[in-house]
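Open your viewer and follow along. Each stop gives a selection and then what to look for there.

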Amino acid sequence: MTERVPSYRLAGKRIWVAGSSGMVGRAISRQLENENCELISVGRERLDLRRQSDVEDWMAETRPQAIFLAAAKVGGIMANQTFPADFLYDNLMIESNIIHAAHRIGVEKLMFLGSSCIYPRNAAQPITEDALLTGALEPSNEWYAIAKIAGIKLCQAYRRQFGSDFVSAMPTNLYGEHDNFDLQTSHVIPALIAKTHAAKTKGAAALDVWGTGTPRRDFLYVDDAAAAIVYLMQHYSDEQHLNVGAGRDISIGELSALICEVVGFQGGLNFLTDKPDGTPLKKLDTSRLSALGWQARIGLREGITRTYDWYCEQLANPNR
Ligand code: GFB
């Protein structure tokens, strides 16, 4: 990666990673350990981010200078379909409360994290940032997508009206350590890791994979995503949201085979075609991010191996 002089310095700053107990928030916090800044955090039991006055009071008291807005209600295709109200309401409230309070207390810089599902279902591939709001959304996750589009627009609006330095990054499908491995609510990689490990342990003949196996996704290891997000915080300031992806896609069938190899499961694949496929193809164009001097470092096999190792450690030591 080309080293560039940061336009925003994190060293010595009080920084709040909102959502620091989630997979992405934890990875950003790990990344910030190298930046010589002061990290502040608050647990969900102390502050409900959906409650405006509580958020305003806590932020006025703690006065972060920079914020990574990684707090969100997230989940895989089934969770999105099962809890549409939570995905829309929780996410609208969390982002509105934090962005508005950040403006009120004069936060120097805020990075809002969205998702690649903001783009139209049939967007041309790879998907450029300009595809936003050019077509209908994928129905399985439109509630989440609408909330995330509103977050981008909030950042743009506060920038235009008040000159706030609020920027937005749209990561692709992320995975890694501290992911959610619950089979009903998780994304595909943790679900397949957990299912493949269970199939191997039980000596099952085949692994159940939802859908047809033909949808294609662009997966990025969470530490790569966190590195990109921290890099953008330091080097980017514009109302244009930016894609964060690996820039390579793989079908769910190929992904399943790769996970079987990493886990060491030799049975077959059983595609459950009554389960939803979701978007047929989702691969981000990352030219704008690359032009800023950033690129992914961790390949899919390596990322899955790291995630599987972490999962096995958790099974062995659940309280760690
Ligand atoms: O990761 P995933 O749940 O989310 O599913 P999306 C990706 C693909 O993997 C779908 C298939 O085609 C699923 O049918 N799949 C196969 C499985 N087996 C499984 C399984 O056991 N569990 C799961 N979860 N999927 C999400 C959005 O969409 O993408 C979110 O719902 C967010 O809101 C996220 O935007 C990035 O990629 O379809």
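**Stop one: a buried pair**

Select R159 and D165: their side chains meet in a salt bridge, 2.8 Å from N to O. Here a salt bridge is a side-chain nitrogen of Lys or Arg within 4 Å of a carboxyl oxygen of Asp or Glu. Both R159 and D165 are buried. Buried means under 20% relative accessible area, exposed over 50%, and partly exposed in between, using a 1.4 Å probe and protein chains only.

Before moving on, note that this is a predicted model, where local features need pLDDT of at least 70 and side-chain atom pairs count only at pLDDT 80 or more, while totals for chains, interfaces and linings use all residues. Residues are numbered from 1 along each chain as its sequence is written, and side-chain values use heavy atoms, with hydrogens and water left out.

**Stop two: across the sequence**

The structure holds 19 salt bridges. Next, select E129 and R288, whose closest N and O atoms are 3.1 Å apart in a salt bridge. E129 sits in the loop between β4 (109-113) and α5 (142-162), and R288 in helix α9 (residues 287-291), so the pair ties together parts 159 residues apart in sequence. Helices (H or I, at least four residues) and strands (E, at least two) are DSSP runs, numbered from the N terminus. E129 is buried, at 3% relative accessibility. R288 is partly exposed, at 31%.

Now pick D249 and K283. They form a salt bridge, with the closest N and O atoms 3.9 Å apart. D249 lies in the loop between β10 (242-244) and β11 (250-251), and K283 in the loop between β13 (281-282) and α9; the two are 34 residues apart. D249 is partly exposed at 24% relative accessibility, and K283 is partly exposed at 22%.

**Stop four: helix α10**

Select residues 300-316, helix α10. Its 17 residues should span 24 Å at 1.5 Å a residue, and its end C-alpha atoms are 24 Å apart, which agrees. The expected span is 1.5 Å times one less than the number of residues.

Which residues of α10 are buried? They are L300, G303, I304, T307, Y308, W310 and Y311. These cover an arc of only 160° around the axis, so they lie on the same side of α10. The arc is taken from the directions from the helix axis to the C-beta atoms. An α-helix has 3.6 residues a turn, so residues three or four places apart point the same way.

Finally, show what covers the buried residues of α10, including β6 (173-175), α6 (188-202), β9 (219-221), β11 and α8 (252-263). Contact means heavy atoms within 4.5 Å.
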